[in-house]
There are 2 protein chains.
Amino acid sequence: MTDTQFPSPASIDDIEEGGVFAPRFDDAGLIPAMAIDAETNAPLMFAFMNRQSLAITLETGLAHYYSRSRKSLWKKGETSGQLQHVERVRTDCDQDVLVLEVRVAGDGAACHTGRATCFYRQVNSDRSLTTIDNVRKIDPDASYTQK
Amino acid sequence: MTDTQFPSPASIDDIEEGGVFAPRFDDAGLIPAMAIDAETNAPLMFAFMNRQSLAITLETGLAHYYSRSRKSLWKKGETSGQLQHVERVRTDCDQDVLVLEVRVAGDGAACHTGRATCFYRQVNSDRSLTTIDNVRKIDPDASYTQK
């Protein structure tokens, strides 16, 4: 049985310097998670986890998120094959954010547009966008249309 | 005058492939932002921005966030000298998350604990935490105690 309960931190010092993982979820029961490439640190995608998806991720070593649009557990890559093998989970000083160092399986795309990363555009100071990564690993229409 | 208004996107295609920055803020008027090291991609810190802090960041090239605890604009490093010079802002497919590639000024710490990164601990599968970066660039008590 997956234990979806996590302890509550006792003090600021426990939160910042303690050895017990006591993640802090927001009022909706969610915690932000950024997936980065385990080798290059390149930012790949951002999503939220709830207690269940976090527990399953730690248990299985495969990234599971919480889909706010579908309101359900989201095993990343279940349909597309773009599974994310989690090499390491990191948390921050406040234990209210996660970073997942992952290796992407399948064709290596992390974005539903078919790109390796969701962060394929830069924002210019004039507020225009420039695409900095336009390599499509897949035809997104052939795989799935909604992440 | 800093223009704190941002356009609303017209369609999914505009959001995902368009050249106009039309960031999507949540119900609280916030957008998540992950700061990473511009050279190494190392994740440094995570915070939220509101329209004002995003507009000022784009205008000045210095990272400004929104402090949810203080409910106010937060010029990162204003007190500590740990200014974040923004080399590039990136947004994701949905335009509802930002990545800031930054160079940290001053002593180079991004975390209020004095470390270069807030993500100094790894989460183990048994839910214990291991500190993977314990170098303190500053004595946090000498600088400030609350981020």
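Mentor: What follows is an account of the contact between chain B and chain A. Please bear in mind that the model is predicted.

Let us begin with the extent of the interface. On chain B, 53 residues are in contact with 53 residues of chain A. The size of an interface is often given as the accessible area lost when the parts come together. Here the two chains bury about 4300 Å² between them, and 54% of this area lies on carbon and sulfur atoms. Arg121(B), Val123(B) and Arg127(B) provide 18% of the area that chain B buries against chain A, more than any other three residues.

Val123(B), in β7(B), is the bridge partner of Val89(A). Arg127(B), for its part, forms a salt bridge with Asp3(A) through their side chains, at 3.9 Å from N to O.

Between chain B and chain A, the count is 6 salt bridges. There are also 38 residue pairs in polar contact, both residues being at pLDDT 80 or more. The side of chain B that touches chain A draws at least two residues from each of several elements, including the helices α1 (12-17) and α2 (51-60) and the strands β1 (31-37) and β7 (121-123).

Methods. Residues are numbered from 1 along each chain as its sequence is written. Chains are lettered from A and ligands numbered from 1 in the order in which they are written. This is a predicted model: local features need pLDDT of at least 70, side-chain atom pairs count only at pLDDT 80 or more; totals for chains, interfaces and linings use all residues. Side-chain values use heavy atoms; hydrogens and water are left out. Contact means heavy atoms within 4.5 Å. Buried area is the accessible area (1.4 Å probe) that two parts lose on being put together, summed over both. A salt bridge is a side-chain nitrogen of Lys or Arg within 4 Å of a carboxyl oxygen of Asp or Glu. A polar contact is a pair of N or O atoms within 3.5 Å; within protein, one must be able to donate a hydrogen and the other to accept it, and residues adjacent in sequence count only if both atoms are side-chain atoms. Helices (H or I, at least four residues) and strands (E, at least two) are DSSP runs, numbered from the N terminus. Two strands pair if DSSP finds at least two bridges between them.
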